[in-house]
Amino acid sequence: VSFLLFLPIPDRNRWSEDYQDCRGTMQSPININMANTIFSPHLRAIQLSGYSLPANEMLKLKNNGHTVVLELPQSMAITGGYAQQYRAVQLHLHWGATTGPGSEHTINGHRFSAEIHVVHYNTKYDSFKEAMVQPDGLAVLGAFLEMGPRDNPYYQELLDHMQQIQREGEEVLVPGFNIASLLPVNLKYYYRYNGSLTTPPCYQSVRWTVFNQTMMISRDQMLMLITSLRNDDGKPLQSNYRQTQSLHGRTVLASFQ
Ligand SMILES: NS(=O)(=O)c1c(F)c(F)c(SCCc2ccc(C(=O)O)cc2)c(F)c1NC1CCCCCCC1
Ligand SMILES: [Zn+2]
């Protein structure tokens, strides 16, 4: 038994892949091969409630060293498109660098410029912390961002403040706005699969929705996103996406044909 004393004890603060769930068989992100998705007519349009926040509701925007996180009130909820109701926790982004794109999910092997994740927890659990270890505990809405000819005024609500949180740990308060404007207008067309958090502890507790419609922001806005933040080493916070994981036989459903 004495050799057990010499086993390395994982450092709880190290966001590394030595958490056992990170080596599980239901990991995210994944490549979505459109030819292998299954059309499911019972997948209803996603319904959002309470997403339009008044300007006097201030939200915390934080550089946590890995991404930019906007904390969200639990008054925001998913009320359609899932079997149960989910309440919002936070949203954050994944992006690349000037050398290449940075979405987490890929479609037919194509990586998009960036990806937004809006994280929610199942209200059948008392708290997010309790929910995030349950198989039906979390719902994350994901949408791809691409570069287009015009500035996106809704993403500008976040990008306006990135210069104020350049260093890890810095945070700023931003006025509320309609968070639904960060997601596609059409919430009917999406992919659905069971997966995980894409960062340690990699809990396999996420019912993923990846929208088919892509959001457009301008080239200048994308540059702002990929050049504003520094990580805990003071280096540019870029390409903060995890490699795609094996499906291990999982099926990806599509709400459209
Ligand atoms: N794609 S994702 O949803 O898995 C995801 C990532 F890929 C992420 F990379 C992140 S950020 C990395 C995890 C982290 C690090 C520091 C802090 C802090 O100092 O407060 C907090 C979290 C990140 F925050 C999230 N989402 C989080 C999952 C991690 C822990 C619970 C918080 C809610 C959702
Ligand atoms: Zn994410």
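Seven aromatic pairs are present in the predicted model, where rings of Phe, Tyr and Trp (its six-membered ring) are taken to pair if their centres lie within 6.5 Å, with planes under 30 degrees apart counted as stacked, over 60 as edge-to-face and the rest as tilted. One of them joins F112 and F144 in a stacked arrangement, with 4.1 Å from centre to centre and 15° between the planes. Because F112 belongs to the loop between β9 (110–111) and β10 (114–122) whereas F144 belongs to strand β11 (residues 138–148), this pair ties together parts that are 32 residues apart in sequence; helices (H or I, at least four residues) and strands (E, at least two) are DSSP runs numbered from the N terminus. Both F112 and F144 are buried, a term that denotes under 20% relative accessible area, with exposed meaning over 50% and partly exposed the range in between (1.4 Å probe, protein chains only).

The pair of Y190 and F211 is edge-to-face, because the ring centres are 6.3 Å apart and the planes stand at 85°. Since Y190 is located in strand β13 (residues 190–195) and F211 in strand β14 (residues 206–211), the contact ties together parts that are 21 residues apart in sequence. Y190 is buried, its relative accessible area being 0%, and F211 likewise counts as buried at 1% relative accessibility. An aromatic cluster is formed by Y189, Y191 and F256.

For reference, the ideal angle for four tetrahedral donors at a metal is 109.5 degrees.

Several backbone features complete the description. S28 and P29 are joined by a cis peptide bond with omega of about 0°, and P29 is placed in the segment before β1 (31–32). A cis peptide bond also leads from P200 to P201, with omega near 15°, and P201 is situated in the loop between β13 and β14. N108, a residue other than glycine, has a positive phi near 50°; N108 is in the loop between β8 (106–107) and β9 and is partly exposed, with a relative accessible area of 48%. For H248, also a residue other than glycine, phi is positive and near 50°, and H248 is found in the loop between α3 (219–227) and β16 (253–254).

Residues are numbered from 1 along each chain as its sequence is written, while chains are lettered from A and ligands numbered from 1 in the order in which they are written. In this predicted model local features need pLDDT of at least 70 and side-chain atom pairs count only at pLDDT 80 or more, whereas totals for chains, interfaces and linings use all residues, and side-chain values use heavy atoms, with hydrogens and water left out.
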